[in-house]
Amino acid sequence: MKRVMERARELREDPKVHYNCAQAVLIPFAEKKGIPLETAFALTANFGSGMRAGLTCGAITGGLLALGLYGAGDPKDAQEFIRRMVSAHEGMSDCAHLLAANAKTGTPKKVHCDGMVYEAVELAESMLRERGIEIS
């Protein structure tokens with residue numbers, strides 16, 4: 001079976017379907033748990049684009065969902081995940097703020113969002129390993 005990161009990259013590069021950031025983070029973890037792509041896709045549909053309102057980044061919400069799915073659902077786990085993501089982005093967690101800051105750099109939006117997805121996947125995997133939780 002494919003690695004989680006490899007699958008996330010595959011989803012983000014799919015020219016036929018747009019997987020929002022939350023979907024691209026959660027789906028690879030969900031599939032490893034036997035949850036069908038369609039189910040994970042539907043569960044995270046409203047978390048893209050910052051809950052469709054420029055609020056919390058979909059990559060962050062997808063990462064939190066992945067942690068919870070694997071049993072790392074303690075408030076401390078969520079706080080640690082958010083702290084680590086936010087600290088890497090000048091204290092920002094909202095999609096609108098992250099995209100505005102990114103626009104100033106001239107980096108294409110897709111490149112930025114892909115980076116957020118890959119960062120969230122990597123962090124969720126790392127945190128699960130730190131807690132002795134195997135991704136299967």
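## Histidine 89 and its contacts

Two residues are in contact when heavy atoms of one and the other lie within 4.5 Å. In this predicted model, histidine 89 is in contact with Leu98, Met116 and Glu119, leaving aside its neighbours within four places in sequence.

Histidine 89 is found in the loop between helix H6 (75-87) and H7. Is this residue buried or exposed? Histidine 89 has a relative accessibility of 16% and therefore counts as buried, since buried means under 20% relative accessible area.

## The largest pocket

The largest pocket has a volume of about 340 Å³. Its lining is made up of 22 residues. Those that lie nearest the centre of the pocket are Arg12, His18, Cys21, Lys109 and Cys113. Two or more lining residues come from each of helix H1 (4-12), helix H4 (48-54), helix H7 (95-105) and helix H8 (109-130).

Which element gives the most to this lining? The answer is H8, with five residues. Sorted by class, the lining of the largest pocket holds 10 nonpolar, seven polar and five charged residues.

## The largest nonpolar core

The largest nonpolar core has 36 residues. Within this core, Phe29, Phe81, Val117 and Val121 touch the most other members. The elements that give two or more residues to the core are H1, helix H2 (21-32), helix H3 (37-43), helix H5 (58-69), H6 and H8. H8 gives the most to this core, with 10 residues; H8 also gives the most to the lining of the largest pocket.

## Aromatic pairs

How many aromatic pairs does the count come to? The count comes to two aromatic pairs. One is formed by tyrosine 19 and phenylalanine 41, an edge-to-face pair with 5.6 Å centre to centre and 90 degrees between the planes. This pair links distant parts of the chain, 22 residues apart: tyrosine 19 is in the loop between H1 and H2, and phenylalanine 41 is in helix H3. Tyrosine 19 counts as buried, at 8% relative accessibility, whereas phenylalanine 41 is partly exposed, with a relative accessible area of 29%.

Another pair is formed by phenylalanine 29 and tyrosine 70. Their ring centres are 6.1 Å apart and their planes stand at 70 degrees, so this pair is edge-to-face. Because phenylalanine 29 lies in helix H2 and tyrosine 70 in the loop between H5 and H6, the pair ties together parts that are 41 residues apart in sequence. Phenylalanine 29 and tyrosine 70 are both buried.

## Threonine 61

Threonine 61 lies in helix H5. Its relative accessible area is 9%, and threonine 61 is therefore buried.

Which residues does threonine 61 touch, not counting residues up to four places away in sequence? They are Ala22, Phe47 and Thr56. The C-alpha atom of threonine 61 is separated by 8.9 Å from that of glycine 48, a residue 13 residues apart from threonine 61 along the chain.

Note on methods. Residues are numbered from 1 along each chain as its sequence is written. This is a predicted model: local features need pLDDT of at least 70, side-chain atom pairs count only at pLDDT 80 or more; totals for chains, interfaces and linings use all residues. Side-chain values use heavy atoms; hydrogens and water are left out. On a 1 Å grid over the protein atoms alone, a cavity is a set of points where a 1.4 Å probe fits but cannot get out, and a pocket is an open set with protein on both sides within 12 Å along at least five of seven lines; lining residues have an atom within 4 Å of a point. Grid points are joined across faces, edges and corners, and a volume is the space filled by probe spheres set on the points. Helices (H or I, at least four residues) and strands (E, at least two) are DSSP runs, numbered from the N terminus. Ala, Val, Leu, Ile, Met, Phe, Trp, Tyr, Cys and Pro count as nonpolar, Asp, Glu, Lys and Arg as charged, and the others, Gly among them, as polar. Buried means under 20% relative accessible area, exposed over 50%, partly exposed in between (1.4 Å probe, protein chains only). A nonpolar core is a set of buried Ala, Val, Leu, Ile, Met, Phe, Trp, Tyr and Cys residues joined through side-chain atoms within 4.5 Å. Rings of Phe, Tyr and Trp (its six-membered ring) pair if their centres lie within 6.5 Å; planes under 30 degrees apart count as stacked, over 60 as edge-to-face and the rest as tilted.
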